[in-house]
Amino acid sequence: MGLDIIVGIKYVPNTTNVNIDPKTGTLVREGVPSVVNPHDLVAVELALRLRDRYGGSVTAISMAPPHAVAGLEHVLGMGVDRAILVSDRVFAGADTLATSYVLAKTIEKIGRYDLIVMGQETIDSSTGHIGAQVASWLDLPYVYYAIDVEYTGDGFIVTRELEDRVERYRLAKPALISAKMYSLEPRQVTLRDKLRAVIERPIETWSNKDLGLDPNCVGLRGSPTIVSKVEFTPKVPRKNIIFEGDLREAVRKLVQALVEEGVI
Amino acid sequence: MSSQAPEERKRRKIRLEDLLNNNIWDVDPRPHIKLDTSKCRDCNYKPCVLLCPTGCYTTHGDDVLFSYEGCVECGTCRVVCPEEAITWEYPRSGRGIHFRFS
Amino acid sequence: MGDRFDVIVIGAGPAGSSAAYNLAKKGFRVALIERGRKPGSKNMFGGRVYAKPLEEAFDGLGKAPIHRWVVKERLSIVNKEEYVTVEYTGRGRKSFTTYLTDLTDWMAGRAVDAGATLITEVVVDRLLMRDGRVAGIVSGDDELEADVVVDAEGVNRLVLERSGLVERLTLRHVALGVKEVIKVDKGDIEKFFGLGEDEGLAWVFMGSVSDGLPGGGFFYTNRDSLSLGLVIYLEGAVQGMRRHIYDMVEELRIGPLFSRYVENGRIMEYSAHMIPADPRAIRPPRLVWDGLIVTGDAAGLLINMGYTYRGVDTAAYSGMLAAKAIEEADGDYSASRLKRYEEMLRNSYVGRDLEKFRGVHDLYMNPRLFNEYPALLTGLLRRLYEFDYEGYKFSKAFSEARRGLVSLPRIFLDLLEVYRKL
Ligand SMILES: Cc1cc2nc3c(=O)[nH]c(=O)nc-3n(C[C@H](O)[C@H](O)[C@H](O)COP(=O)(O)OP(=O)(O)OC[C@H]3O[C@@H](n4cnc5c(N)ncnc54)[C@H](O)[C@@H]3O)c2cc1C
Ligand SMILES: Cc1cc2nc3c(=O)[nH]c(=O)nc-3n(C[C@H](O)[C@H](O)[C@H](O)COP(=O)(O)OP(=O)(O)OC[C@H]3O[C@@H](n4cnc5c(N)ncnc54)[C@H](O)[C@@H]3O)c2cc1C
Ligand code: SF4
Ligand code: SF4
């Protein structure tokens, strides 16, 4: 039987340490390397576990500039079977609508799939729109915050975890889920899989020649969203006070300080 | 950022934390260094504390606290620790520090 | 695994990239395994590379990321607020400043262009041993075989340690280097130091900057940034540290020597790495085993000339010699055959300079070098230059400056030592 799974990967600037130039007040972007969106690695992990459990294959797709092959090599190194980079100048400047459209068309062209797994959100835009939008383009059932999936042959039982409860959904296949961030620990890159990624290079690059989409529906032109202004929240200076004394004393001082600051 | 005059600020040390903020890491959720802190109590000079360039080791009374996130993988703590309290591995999957201008 | 390589190289640093380049160029199937996300992302150094050996190892420098050619050298002896500086300006162009991160990426790129297979993001755990000889490498649950392995893992040589081929690193083996890279205006650099567009300055200093511990500092001009750092020998540091190493570097940055150059700068990176210290201690008992050659820092091939470190060019050169030895071995990679490598190394400038400067480490371990002598020197010059009415005679200035610091016979003995060691 086996499960054919598609995972969406975004290659994002590693901005874990956002550094702001004190002179210009803007983000220092010089030489910031990119990483696979960490929450997408959770999606990859979930997909790989399902493949290991039920057999089948995992295909990673990413709409991104060419340098994102490094990110695809990373997930291939984790054990993903095949990767498709969707890359074309006409796709640049896309908002979530235009992005999800291209991704949906890519998935349609892949054709054979039982399950699509996305990350919960990205660390650079974090709209969390893509999953829902791809699902509506493809008219698929969609569950987010998924932590586990059971394959029943004609569909899935998806467990999703909310703050106060766990829910189970029965979905017909094909379906789309997004994996809850931090719910699984992504596996490491192994020598064996990385070697295969480098030697066999199971990475295809698709441009709009392959997809044949109307240029007015993709990229900047296909993006109705207008970002009018971006402001950085000021860095709140930290006080770094260390409260001395025994535990009781220290806590008393801490509470007092918090009251003085108007925090509590 | 403080309200100090720029001249004065220039001649002031940058806090280690702020210095480290210029670096890029892809932190492995699994610590690549493990510390058996019970061994630290009997350690005389606690050399890791002053020698770890990124301040991963701090003292709290007789105890040593350790956090691996800011580690730049220099290996110094492994060499200076007299008690073999440290289990030291490289982070896997290309994680850890990502130098760009060094 | 179905894939088989002729050679596996551990570590895509200067040594490994050079070995991989020179082997791939000759048609060997080479796997170059690097733990970093990309070559260079784990590499750090002071700031200056000698060009000639690199040119030889990589058949030219082509598009290498060269920042500035060093035409000015400075050496300062520091005693707290006072310092004495010697400056040499020459026609230079023998060495250049750069970021090792970029240079390493370039070197590994040369290897890939020549046909080597670069495998990043993979940590080698240990050597694969079969019938007493090295037969490949192990990473996690995976093994990869090859006819011969080149170890170029650098100074923190966990692979060699774990395979039981070298002893565990100890305090005597290594020093710690810490550096800040500071972005400044390109024009300012040229103005401050009287440099042309692609000309650079290399500046080393010692004395009270290391709190009296064996060690010293370095300062290099890059294209539009400065590299400022400190090296501390771990041997003395365990008991001798008086403050955090970060404080020492930061106080250097805002101290009298450098604050005016860096005060308008922005920190770009803060990095640290170990350096081979005593060459006799860190050099493994042998550099070849059946199926294995050890190169670069892992082999302790760093030359400390007292006023400058050379490890990048020597690493690259050793990688090239390892490739030559493998080629000459003609399929027989027994230790006795690979011994050619040790011989070629000994007869090269690397071996000769290691021999020449072998004693420098002992001189460095003399604490008076970092305390009494800097104080004596600055004390002497203070008396000679700073007076209101009457000047000092040299002999009087000298004996006064020396008083309470160090005795004449002691100075004599130390000088004798310097003469003997160099
Ligand atoms: C007007 C406008 C212009 C923009 N211009 C640009 C631009 O020029 N360049 C640019 O990089 N961004 C641009 N963006 C941002 C870009 O639209 C979003 O980053 C992108 O649509 C994904 O949204 P998100 O990051 O919030 O993903 P989320 O919805 O938070 O992501 C959820 C999941 O969807 C999947 N996913 C997301 N993106 C991709 C992808 N590209 N490929 C495969 N899977 C994916 C991942 O699994 C991810 O975890 C622009 C946004 C707007 C509004
Ligand atoms: C503070 C400081 C200042 C210096 N200044 C100078 C200078 O100005 N000029 C100069 O010429 N030299 C200088 N050096 C020395 C120089 O940096 C080194 O001698 C040189 O980098 C050695 O090259 P290498 O290839 O042997 O090792 P490295 O450069 O250390 O490269 C080793 C590579 O192997 C990888 N690796 C390690 N272990 C594994 C593993 N298990 N699996 C996979 N990959 C692994 C590492 O990630 C790394 O990329 C300085 C060093 C320091 C620390
Ligand atoms: S040197 Fe080792 S034993 Fe001592 S405090 Fe540090 S980690 Fe603990
Ligand atoms: S390896 Fe270096 S940076 Fe990392 S914890 Fe040890 S001393 Fe600190």
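Student: How many residue pairs are in polar contact between chain A and chain C?

Tutor: A polar contact is a pair of N or O atoms within 3.5 Å; within protein, one must be able to donate a hydrogen and the other to accept it, and residues adjacent in sequence count only if both atoms are side-chain atoms. Between chain A and chain C the count is five residue pairs, both at pLDDT 80 or more. This is a predicted model, where local features need pLDDT of at least 70, side-chain atom pairs count only at pLDDT 80 or more, and totals for chains, interfaces and linings use all residues. Residues are numbered from 1 along each chain as its sequence is written, chains are lettered from A in the order in which they are written, and side-chain values use heavy atoms, with hydrogens and water left out.

Student: Which residue forms a salt bridge with C:Glu121?

Tutor: Look for a side-chain nitrogen of Lys or Arg within 4 Å of a carboxyl oxygen of Asp or Glu. Here A:Lys194 is the partner of C:Glu121, with the closest N and O atoms 3.1 Å apart. The rule finds one salt bridge across this interface of chain A and chain C.

Student: And how many salt bridges are there between chain C and chain B?

Tutor: There the rule finds nine. B:Arg92 pairs with C:Asp125, for example, their closest N and O atoms being 3.2 Å apart. That interface of chain C and chain B also has 34 residue pairs in polar contact, both at pLDDT 80 or more.

Student: How many residues of each chain are in contact there?

Tutor: Contact means heavy atoms within 4.5 Å. By that rule, 59 residues of chain C meet 45 residues of chain B.
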